[in-house]
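The sequence and the structure are shown first.

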Amino acid sequence: MNLFIWIAGCVLGLAWFSRIVDAALGVPKIADLSRPEWDRGRGEPELARVSIIVPARNEEDHIGATLRRLLELDYGNYEVIAVDDRSSDRTGEIMDEVAASHQAQGRLTVVHVEELPSGWLGKTHAMWMAGQLATGNWLLFTDADVLFRPDALRRAMAYAQAEGADHVVVFPRMIMKRPGEKIMIAFFQTLFVFGHRPWKVADPDTRDHMGVGAFNCIRRSVYEAIGTYRALRMEVLDDMKLGKVVKNARYRQRNVFGGDLISIHWAKGAMGVVRNLTKNFFAIMSFQWARTVASCITLAFLNLGPFIGVWLAHGWARVPYAVALGALFLIYAGMSLRSAVPAYYFVLHPVGTILFAYTLMRSMFLTLWNDGIVWRGTKYPLEELRKGMV
């Protein structure tokens, strides 16, 4: 028993310590577009044309504000294409109202999808359709509930030009109004730091890749070269898979911090986050039940182990568990500098762990029970989802 506690502690201590060292060295390399040096391009006469694509289904609470914010961008050469994907609420009507307003000035095009072709997810089909109509040299895919600051696009395009990038991902500011949201999003970000290395995305010799639904901006020629969204038509994780395909094709991919350039209130409360992730998590596991169960066990070991082990161990055996806890706290402290989650939420990390393990198992159970995913009122059969994975 004592040997097991020692071994487990050393594994946990090494795992978390190595990750915090890697993050401490890597995160400062990620550009922050909200800094003064990226306030460029104001008033420049020749700017690359950008087509901003906004798919929406039953988003009447958000779509109006999102489109009006996009029409206030201080970038001179862009268009907005909003796609109403078979909405049963007022989404399409609100889109038309905004398009008819003086503010739109012919910059906003609205597309109404009445029927979804077989072999497509609604969102990927909506984005593919808009891409067919787009006139820009760049395509910016965003979500219907994202709020843009006026200078967001100008700064992003200045960065893309300076870096010679082909695909630019901007991390949004997460608006968190309830403690449960902070617990869940903080855990998600910690897991993100542990499982992904955003500071390695720019390195063409690594497999690290990135995609974020709030801001996926891709050069038109690259988008067409990788097969457009037609190649991702049944991908639940369309944003991350777009990043994966771009990186695998060895195009220049960059991810950056954005401060408050773009903001999103992702979910209401902890259970809102659970519901939002339920459709995704089994897809992340490639729809494999054994992999999902193993991931749950690993998740519990890595994230609950340091808290449990520091109490079970005695003497020097506590040291590696304390190292793991110290590394975890430093990750929370680092996140608190860029988000609304205070560092002391570190003590609630076990709660986030339990809720995320529950979400994983819930996602697997519901997908298998329903033989597919029910997403925004449309059912997508599991067999088709598995066939369509990239």
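## Pocket lining and helix packing

In this predicted model, the lining of the second largest pocket comprises seven nonpolar, two polar and five charged residues. The space in this pocket amounts to about 220 Å³. Its lining is made up of 14 residues, and L47, Y75, M157, A158 and Q161 are the closest to the pocket centre. Helix 5, which spans residues 152-163, gives the most to the lining of the second largest pocket, namely five residues.

Two packed helices are described by the angle between their axes and the distance between the axes.

| Helix pair | Axes come within | Crossing angle |
|---|---|---|
| Helix 9 (residues 269-284) and helix 12 (residues 349-370) | 8 Å | roughly 50° |
| Helix 10 (residues 289-312) and helix 12 | 9 Å | roughly 175° |
| Helix 1 (residues 2-26) and helix 11 (residues 318-336) | 7 Å | roughly 25° |

The axes of helix 1 and helix 11 cross at roughly 25°, and helix 1 is therefore roughly parallel to helix 11. The crossing of this pair is left-handed. On the side of helix 1, the contact involves I5, W6, A8, G9, C10, L12, G13, W16, F17 and I20, which meet P320, Y321, V323, A324, A327, L328, L330 and I331 of helix 11. By class, the contact of helix 1 with helix 11 has 16 nonpolar residues, two polar residues and no charged residues.

Helix 12 takes part in the other two pairs. With helix 9, the axes cross at roughly 50°, so helix 9 and helix 12 are oblique to each other. Their crossing is right-handed. From helix 9, the residues A270, M271, V274, R275, L277, T278, F281 and F282 meet L355, F356, Y358, T359, L360, R362, S363, M364, L366, T367 and L368 in helix 12. The residues of this contact divide into 13 nonpolar, four polar and two charged.

Helix 10 crosses helix 12 at roughly 175°, and the two helices are therefore roughly antiparallel to each other. Here W289, T292, V293, S295, C296, L299, A300, N303, L304 and F307 of helix 10 meet H349, P350, T353, F356, A357, L360, M361, M364 and L368 of helix 12. The contact of helix 10 with helix 12 holds 14 nonpolar and five polar residues, with no charged residues.

Within helix 12, F356, L360, M364 and L368 are among the residues that meet helix 9, and these residues also meet helix 10.

Note on methods:
Residues are numbered from 1 along each chain as its sequence is written. This is a predicted model: local features need pLDDT of at least 70, side-chain atom pairs count only at pLDDT 80 or more; totals for chains, interfaces and linings use all residues. Side-chain values use heavy atoms; hydrogens and water are left out. On a 1 Å grid over the protein atoms alone, a cavity is a set of points where a 1.4 Å probe fits but cannot get out, and a pocket is an open set with protein on both sides within 12 Å along at least five of seven lines; lining residues have an atom within 4 Å of a point. Grid points are joined across faces, edges and corners, and a volume is the space filled by probe spheres set on the points. Helices (H or I, at least four residues) and strands (E, at least two) are DSSP runs, numbered from the N terminus. Ala, Val, Leu, Ile, Met, Phe, Trp, Tyr, Cys and Pro count as nonpolar, Asp, Glu, Lys and Arg as charged, and the others, Gly among them, as polar. Axes are lines fitted to C-alpha atoms, for helices over the stretch in contact, and angles run from 0 to 180 degrees between N-to-C directions. Angles under 35 degrees count as roughly parallel, over 145 as roughly antiparallel, 65 to 115 as roughly perpendicular and the rest as oblique. A crossing is left-handed if the near helix is turned anticlockwise from the far one by less than a right angle, and right-handed if clockwise. Contact means heavy atoms within 4.5 Å.
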